[in-house]
Amino acid sequence: MAKQTEWKTETYGGVLNFLATAYIPAVHAAILTQAGLPFEGALVGAILTSIIGTLIAGFFNLPLLLLPGMGINALFTYTLVLQMGLSWQSALAVSFVSGVLVVLLTVTKVARKLANAFPPIIHDGLTVGLGLFLILIGLEAAGIVSGGGGALLHIGDLGERNVQVAFLSLFVAILLFLKMGPSSFLWTIGFGVGLSAVMGTLDWTGSFSLTPFFESFGKVFGNISFAESASPIFLVAVGVLTLVLLIENISLIQNQTRAIGKEEEAPKGLVAQGLSTMAGALFGSSPTVSTVEVAAGISVGARGGIASFVTSGLYVVSLLLLPLFAIIPVTAIAPVLIIIGMMMFQNVKHLPLDNWEHAFPAILVIIMIPFTYSIVDGIGLGFIAYTMIVLFKKGYRSLSPVVGVLTVLFLVFFSLPVWL
């Protein structure tokens, strides 16, 4: 009887985890299209990455959700591709190499030392900055804000129906979130689609055939390129992406394994994340993270791999619904991005804003990520500011060697346009 109860609990947890994250593939694919990937191929790749990621977690007997990460996909698109100039194929190679490094650094126990050396104020600033970045991306994608007109940004044209739909969808999304939490995101997207249909802005001229999706995926699958791997930009990209993955996933996985009483197995979770990132790169996806939505399954008692197997199975079923994903307008997706960004922004409460010595580098990271449209620039300027303050206030003996090396690397990165 106890075994039967365990199966029911794990299955229920797996179903909840799927419902809490089913919005991710469409939102993720919409971001990656701006890096040049076709939406249909990116959508299939996101779902396959989710299937593999949760399967790997299940084989490690952990109820984790290793899915394409919000925020990380923004780094992939807006920094690696649009700002640093890598092709999306090369950016996938960067992702693959970063996954390999995460596994190697975890197995050799170097990952923990790197994470411990990373200044907490930069980490919290990064999370808040990513949140603001996602908010800006969502607002711009929906047309709620736009550029030009004598200002860097201004409110969108309220006379356009798409903007009206976006505003209404955002306000309803906020109300649903207040009532239901992250589980409301599916309802938010559904409402946005319905409102677009009623307002006459829903644009869908396709069919319910799966063929175009898998044909598009054929152009993405395995299409990674190491042609730029010897360039300084590629190496900097690998270093930054690996560091961000380690910092974000170590804290997430440690907290999640602690919640299920398996904190000693956190390294297994990090290895699983690295493996899923490698697989995702082959499928045309930016790196995975252990998503916070796993709290849905954990809260009802999911403690093992069965929950992950159930979630993975439901993602397999979702492949049959690909045409439905394709009709989702950006005005339905943008409110979800904005609210996710707001959730990440809440980390501002962890910042010691009454201590300028600590607050200044973090605030620099927060404002420079969205203002420069570059996560690397934001992190780099924050590192340089942090190092300058430590050296000025306490001397070089107080500076972590890891932080010192990273600061030098960022200085080299910012100097590249002068040398090249």
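Modeller: Let us begin with a term for the tour: a residue is buried under 20% relative accessible area, exposed over 50%, and partly exposed in between (1.4 Å probe, protein chains only). Phe191, with a relative accessible area of 32%, is therefore partly exposed. Please keep in mind that this is a predicted model, where local features need pLDDT of at least 70, side-chain atom pairs count only at pLDDT 80 or more, and totals for chains, interfaces and linings use all residues. Residues are numbered from 1 along each chain as its sequence is written, and side-chain values use heavy atoms, with hydrogens and water left out.

Now to your pocket. The largest pocket (an open set of points on a 1 Å grid, with protein on both sides within 12 Å along at least five of seven lines) holds about 630 Å³ of space. Its lining has 26 residues, and those closest to the centre are Thr127, Glu248, Leu252, Val292 and Met344; a lining residue has an atom within 4 Å of a point. Helices here are DSSP runs of H or I with at least four residues, and strands are runs of E with at least two. Helix α11 provides the largest share of the lining, 6 residues. Sorted by class, the lining of the largest pocket has 14 nonpolar, 9 polar and 3 charged residues.

Staying with α11, we also find Val244 in this helix. Val244 has a relative accessible area of 4%, so it counts as buried. From Val244 to Phe309 there are 65 residues in sequence and 27 Å in space, C-alpha to C-alpha.

Next comes the loop between α3 (39–59) and β1 (66–68), where Asn61 sits. Asn61 has a positive phi of about 60°, although it is not a glycine. Its relative accessibility is 41%, so Asn61 is partly exposed. Leu64 lies in the loop between α3 and β1 too, but at 1% relative accessibility Leu64 is buried. Although 192 residues separate Leu64 and Gln256 along the chain, their C-alpha atoms are 7.8 Å apart.

Phe208, Val317, Leu320, Leu321 and Leu324 make a nonpolar patch of about 510 Å². Patch members have over 30% relative accessible area and no salt bridge, and nonpolar side chains are joined within 5 Å; a salt bridge is a side-chain nitrogen of Lys or Arg within 4 Å of a carboxyl oxygen of Asp or Glu. Phe208 belongs to the loop between α9 (185–199) and α10 (211–220), and with 57% relative accessibility Phe208 is exposed.

The residue we started from, Phe191, is placed in helix α9. Phe191 is 179 residues from Tyr12 in sequence, and 25 Å from Tyr12 in space, C-alpha to C-alpha. Our last stop is Val412, in helix α19 (residues 401–419). Val412 is partly exposed, at 33% relative accessible area. Between the C-alpha atoms of Val412 and Gly71 there are 25 Å, with the two residues 341 residues apart along the chain.

Key: On a 1 Å grid over the protein atoms alone, a cavity is a set of points where a 1.4 Å probe fits but cannot get out, and a pocket is an open set with protein on both sides within 12 Å along at least five of seven lines; lining residues have an atom within 4 Å of a point. Grid points are joined across faces, edges and corners, and a volume is the space filled by probe spheres set on the points. Ala, Val, Leu, Ile, Met, Phe, Trp, Tyr, Cys and Pro count as nonpolar, Asp, Glu, Lys and Arg as charged, and the others, Gly among them, as polar. Patches are made of residues with over 30% relative accessible area and no salt bridge: like charges are joined within 9 Å, nonpolar side chains (Val, Leu, Ile, Met, Phe, Trp, Tyr) within 5 Å. Accessible areas come from the Shrake-Rupley method with a 1.4 Å probe; for residues, only the protein chains shown count as cover.
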